[in-house]
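Please have the sequence and the model open as you read.

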Amino acid sequence: MRRIVVIGGGKIGSIIAQMLVESGDYAVTLVDRSSAALQAVHPRLSTCVLDVTDAVALDAALAGAFAVLSAAPFHLTGAVAQAAARVGCHYLDLTEDVATTKMVKALAADAKGAFIPQCGLAPGFISIAGAELARGFDRVEELRLRVGALPRYPSNSLGYNLTWSTEGVINEYCEPCEALVEGELREVPALEGLETFSLDGVTYEAFNTSGGLGSLAEVLAGKARNLNYKSVRYPGHCALMRTLLNDLNLRHRRDLLKDVLEGAVPGTEQDVVVFFVTASGWRGGRLMQESYAGKVMGEHHGQGFWSAIQVTTAAGICTVLDLLAAGRLPSQGYVRQEEIALADFLANRFGKAYRQPGDHVAHAPVAAVA
């Protein structure tokens with residue numbers, strides 16, 4: 001079996017490790033700096049306590065591994081990528097941080113293995129779906145990507161519960177956002193571009209957040225007129241976050257904001273992931289539109305429960321690893337999410353978590369090559 005190292009034993013990393021070890025095709029080691037995070041793990045899962053900022057210890061942990069999958073906080077992911085480059089193993093991550101992705105791309109230029117960042121939900125699956133719709137047009141006029149991880153039963157004024165990394169949420173609400181505007185790659189401010197829409201009878205709002213496009217803007221530059229990514233929330237959320245970040249100036253006191261949110265906004269496993277992609281453009285001389293939308297719920301697993309954000313994020317990176325191991329992706333250098341065919345993704349044993357009624361799955365399920 002191929003040996004895989006998963007960095008980060010939190011909400012997402014623990015599920016990634018469990019998915020992979022239960023597949024029977026991977027020998028998995030879960031790494032975290034906290035021994036408490038590694039308690040009560042799957043019996044076939046190996047564990048290792050170390051701090052990823054310790055380069056010597058991290059290199060030793062990665063030696064001989066087929067790939068390392070980083071589910072560490074965004075500010076630590078760069079250290080994992082650097083270790084993968086030194087050791088020579090494949091590298092995959094979940095980051096939405098633009099600066100980290102630029103570092104990964106630079107490291108990939110001389111890397112012995114494949115460097116594949118942004119393998120989660122957004123960026124990740126949403127980039128794959130957006131690129132698939134864009135390929136169906138001779139010229140893309142508008143491509144809109146909308147994603148939200150939301151509580152199924154909102155009960156506070158924010159209409160929100162903490163379902164994943166608090167640091168990650170704050171980062172995407174503060175950092176500049178990439179977009180294509182009239183064919184030009186631009187940065188637009190987070191928490192702007194507010195809009196509302198309905199899906200299956202539920203009203204949502206959406207606004208600019210950072211990192212969700214991944215490399216799609218770069219890929220479609222010169223091929224699409226307008227392209228943007230927005231996070232989906234229940235109505236009223238954006239206005240309250242603007243108050244916290246702008247009026248109270250907490251964008252410059254992120255540690256304090258993190259403490260405030262984690263002390264006041266409860267987490268939940270009763271969530272739903274909503275995604276909505278709409279493309280319009282020219283096809284055969286006619287202006288046409290096509291959309292792809294869906295919802296993913298959490299699921300019971302053994303004696304526990306996996307939330308929707310855990311399932312979608314972990315399924316994304318596990319699918320990409322499977323495709324890499326099966327030889328369906330380049331084995332060296334920088335690999336973009338847009339290089340993955342949506343049909344291949346949905347046909348995969350992990351990627352099937354995203355399937356919606358009516359999805360076309362063109363290929364047999366892809367398993368890892370032993």
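## Charges over rings

R2 lies over the face of F66, 4.3 Å from the ring centre. R283 is placed over the face of F137, at 4.6 Å from the ring centre. Here a charge sits over a ring if NZ of Lys or CZ of Arg is within 6 Å of the ring centre and within 35 degrees of the ring normal.

This is a predicted model, in which local features need pLDDT of at least 70, side-chain atom pairs count only at pLDDT 80 or more, and totals for chains, interfaces and linings use all residues. Residues are numbered from 1 along each chain as its sequence is written, and side-chain values use heavy atoms, with hydrogens and water left out.

## Aromatic pairs

The whole structure holds twelve aromatic pairs (ring centres of Phe, Tyr or the six-membered ring of Trp within 6.5 Å; planes under 30 degrees apart are stacked, over 60 edge-to-face, the rest tilted). One of them is the tilted pair of F125 and F345, with 5.3 Å between centres and 50 degrees between planes. F125 belongs to helix 5 (residues 125–134) and F345 to helix 11 (residues 342–347), so the pair ties together parts 220 residues apart in sequence (helices are DSSP runs of H or I, at least four residues; strands are runs of E, at least two; both are numbered from the N terminus).

F275 and Y354 also form a tilted pair, at 6.4 Å centre to centre and 55 degrees between the planes. Both F275 and Y354 are buried (under 20% relative accessible area, with exposed over 50% and partly exposed in between, using a 1.4 Å probe and protein chains only). F125, F275, Y292, F345 and Y354 make up one aromatic cluster.
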